[in-house]
Amino acid sequence: SAPLRERGGEIVGAVLVCRDISELRRLQQAKDAFLSVASHELRTPLTTLHGYAYLMGQRLQLLEIGDERMRRYVETMQRQTNRMTELVETLLDVSRIDAGRLTLRYESCDLAALVREVVEPLRDLSNRHEIRLALAAPVPGRWDRDRIEQVIVNLLTNAFRYSPDGGPVDVVLHQQPAAADRPASAVLRVQDRGLGLTPEQQTLIFERFQQAHEDDVMGYTAGRTGMGLGLYISREIVERHGGRIWAESAGPGQGASFVVTLPLKPPGER
């Protein structure tokens, strides 16, 4: 709706437009149902394939049989089944979010220690990026450890993906004391020197199936540009912890920062 005004600004009427979105909603529900069913149906055969690929690799190693080419084939099978499993789990998370079944299992942990644990294996993903840590230690709290790890991994791999020319990636963590309008929180910032974001993209990238630079991604992620779901799922995880996540950027080519605030205690817990 919108007001109709005369030249002097006085409201003399209104325009009201109504649109029936029943069909659009039905199509959205059908798409969500398809993603959920397809993800569940793919999970079982993928688990079997992954298990057999692992056993083949173990057997080749223990019995010292097969040539180097055969070993590479098995390793490729393992990597690709891992990748497909990750995609299926991502789709399952989306269906859980839509159904309101994304549950959190809170436990006590040190966020600084968790960040270090996540960073170490990721350092080997690219020889063109340097992860630089500035962590307050410790930062204790109660969170779903696995889900927060999922958020950290997504932010770091995105920093690599959207910094195709390499460069440092800064990970900064500190504890923010409680104030009148907010509880005590952990604040995590992941900053890259990559492609940057427009103001519109800074909001859009947290929606489903949205990517800021689909055609510009290159380097270590060639062929793995993702589905545009990682930040959507990360936002849901953070908000269900009672926190916030947002992006900051001075503009295209100026890099980007992703900031996460997480209350130290679950919502409603004193």
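Start at I245: its bridge partner in β9 is V260. Helices (H or I, at least four residues) and strands (E, at least two) are DSSP runs, numbered from the N terminus. The model is predicted: local features need pLDDT of at least 70, side-chain atom pairs count only at pLDDT 80 or more, and totals for chains, interfaces and linings use all residues. Residues are numbered from 1 along each chain as its sequence is written, and side-chain values use heavy atoms, with hydrogens and water left out.

Now select residues 244–248, strand β8. I245 and A247 form its covered face. R244, W246 and E248 form the uncovered one. Strands pair if DSSP finds at least two bridges between them.

Next, pick Q202, in helix α5 (residues 199–204). At 17% relative accessibility, Q202 counts as buried. Buried means under 20% relative accessible area, exposed over 50%, partly exposed in between (1.4 Å probe, protein chains only). Leaving out residues up to four places away in sequence, Q202 touches L197, A247, E248 and S249. Contact means heavy atoms within 4.5 Å.

Move to helix α2, residues 68–99. Its 32 residues should span 46 Å at 1.5 Å a residue, and the end C-alpha atoms are 47 Å apart, which agrees. The expected span is 1.5 Å times one less than the number of residues. Color the buried residues of α2, among them V74, Q78, T81, D93 and R96. The buried residues of α2 pack against α1 (22–63), α4 (145–161) and α6 (230–240).
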